[in-house]
Amino acid sequence: MYIADAHCDALWKMTQQSVPFTSSRVTVNKNSLKNGNVKTQVFALYVPPHWPIKKQRHELKRQMELFHSQIKPALPASTEAILALEGASLPGEDQSLQQKLLESGVSMASLTWNEENALAYGSSQPSHLGIKAAGKRFIAWQNSNNIIVDGAHLNEKGFWEALEHADRFLVSHTNIKSIYNHPRNLTDAQIQAVKEKDGFIGLTFYPLFINGSSEAALLEFTRQIDHACSIGAERIIGIGSDFDGIDHTVTSIQGPEDYPILVDHLLRHFSKDIVKGIAYGNFRRFLDKKNLNKFEAN
Ligand SMILES: [Zn+2]
């Protein structure tokens, strides 16, 4: 069964550990993607927002370069590598950097990581603070360039405002708040709103979001899907692994090479049709949706 993953931090791991995409020290690497039958993989550009600006710019450019020089050539033509931006404080009001992101093919971007920046407030910030004027300008820039708005890492008010202003919206890596109350997780009302927006939600394998500890069983991941199904969200959820950005993962799913184990497990709990959607089809369908043509809509 094909797999699509809406978020990983392999680029960050590659630069921090100075390892190539072929190295098994990167969880999402050339071989693990092949062994896991991954057809669509999102690679996030991430730079720590507290770094000096010059260092951030250097790191961002290095990751863009690695995506094109190492990752894309290493993957078979049938495997799609998608570039995303995690946290937009750096290019927020920098038009030349925005242009570089466009030229690099960035297709998705989130406004913040967990912090407050010039655009918005991340999930570590008070929930009542909304997106700043610069953040709304950035979303408008995303809309006009067909760059999907990623609500991952936003605080709650930021989420609702991003959802309202975005043409296309997903939450690339999160989990379910009614199962475990973590600021990075989504409430049922938020999940319903993403569904109404025709969006997508990627579920992580991060135990901290699943149960608050450093260990989670595969069955606990399945409970997330069970819950999503119970509120009618089975057609908008999928995988947002967060591999290479997390220090622990669900037991028995150590990396993409273990996706066959995940699929076998899910098939014991859900219909083949639902599993195919969660593994691949739901994200694929979301990506394939054409941008709403504003002239047609009027
Ligand atoms: Zn993240």
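**Confidence**

You are looking at a predicted model. Colour by pLDDT to begin. The chain averages 95, and 97% of the residues score at least 70. Now select residues 292-298. Here the pLDDT is below 50, and the stretch has two contacts in the model beyond near neighbours in sequence. Where pLDDT is low, the predicted coordinates should not be read in detail.

**Strand E2 and its partners**

Select residues 38-45, strand E2. Seven of its eight residues are buried. E1 and E2 run parallel and are joined by three bridges. To find one point of pairing, pick Asp5; its bridge partner in E2 is Gln41.

Pick Phe43 in the pair: its bridge partner in E3 is Leu83. Then show residues 53-74, helix H3. The chain passes from E2 through H3 to E3, a right-handed β-α-β crossover.

What does Phe43 contact beyond its neighbours within four places in sequence? Its contacts are Cys8, Ala10, Leu11, Phe67, Ile71, Ala81, Ile82, Leu83 and Ala84.

The largest nonpolar core has 86 residues. Select Phe43, Leu45, Ala84, Ala162 and Ile201, which touch the most other members. Then show residues 272-288, helix H11. This helix gives the core its largest share, seven residues.

Ala162 leads to the next stop. Select residues 156-165, helix H6. Glu156, Gly158, Phe159, Glu161 and Ala162 are buried here. The buried residues of H6 pack against helix H5 (133-144), strand E5 (148-150), strand E6 (169-174) and helix H7 (188-196).

Now pick Ile131, in the loop between strand E4 (106-110) and H5. Is Ile131 buried or exposed? Ile131 counts as buried because it has 25 C-beta neighbours inside 10 Å. Residues up to four places away in sequence aside, Ile131 touches Leu111, Leu119, Ala120, Lys136, Gly158, Glu161 and Ala162. For a distance check, draw a line to Arg62. The two C-alpha atoms are 29 Å apart, and the residues are 69 apart in sequence.

**Helix H7**

Select H7. Gln190, Ile191 and Val194 are buried. Look down the helix axis: the buried residues fall within an arc of 100°, so they line one face of H7. Turn to the face away from that buried side, and you find the exposed residues Ala189 and Glu196. The buried residues of H7 pack against H6, E6, strand E7 (200-203) and helix H9 (218-230). Step past the helix to Asp198, which has a positive phi, near 65°.

**Strand E7**

E6 and E7 pair in the parallel sense over three bridges, and Leu170 has Phe200 as its bridge partner in E7. The chain crosses from E6 through H7 to E7, and this β-α-β crossover is right-handed.

E7 and E8 pair in the parallel sense over three bridges. Pick Gly202 and look across to E8: Gly238 stands opposite.

Terms used: Residues numbered from 1 in each chain as written. Predicted model: local features only at pLDDT ≥ 70, side-chain atom pairs only at ≥ 80, totals over all residues. Buried ≥ 20, exposed ≤ 12 C-beta atoms within 10 Å, placed from the backbone. Helix = DSSP H or I, 4+ residues; strand = E, 2+ residues; numbered from the N terminus. Pairing = 2+ DSSP bridges. Right-handed = clockwise from strand over helix to strand, strands pointing away. Core = buried A, V, L, I, M, F, W, Y, C linked by C-beta atoms within 7 Å. Contact = placed C-beta atoms within 7 Å. pLDDT = per-residue confidence, 0-100. Arc of directions from axis to C-beta.
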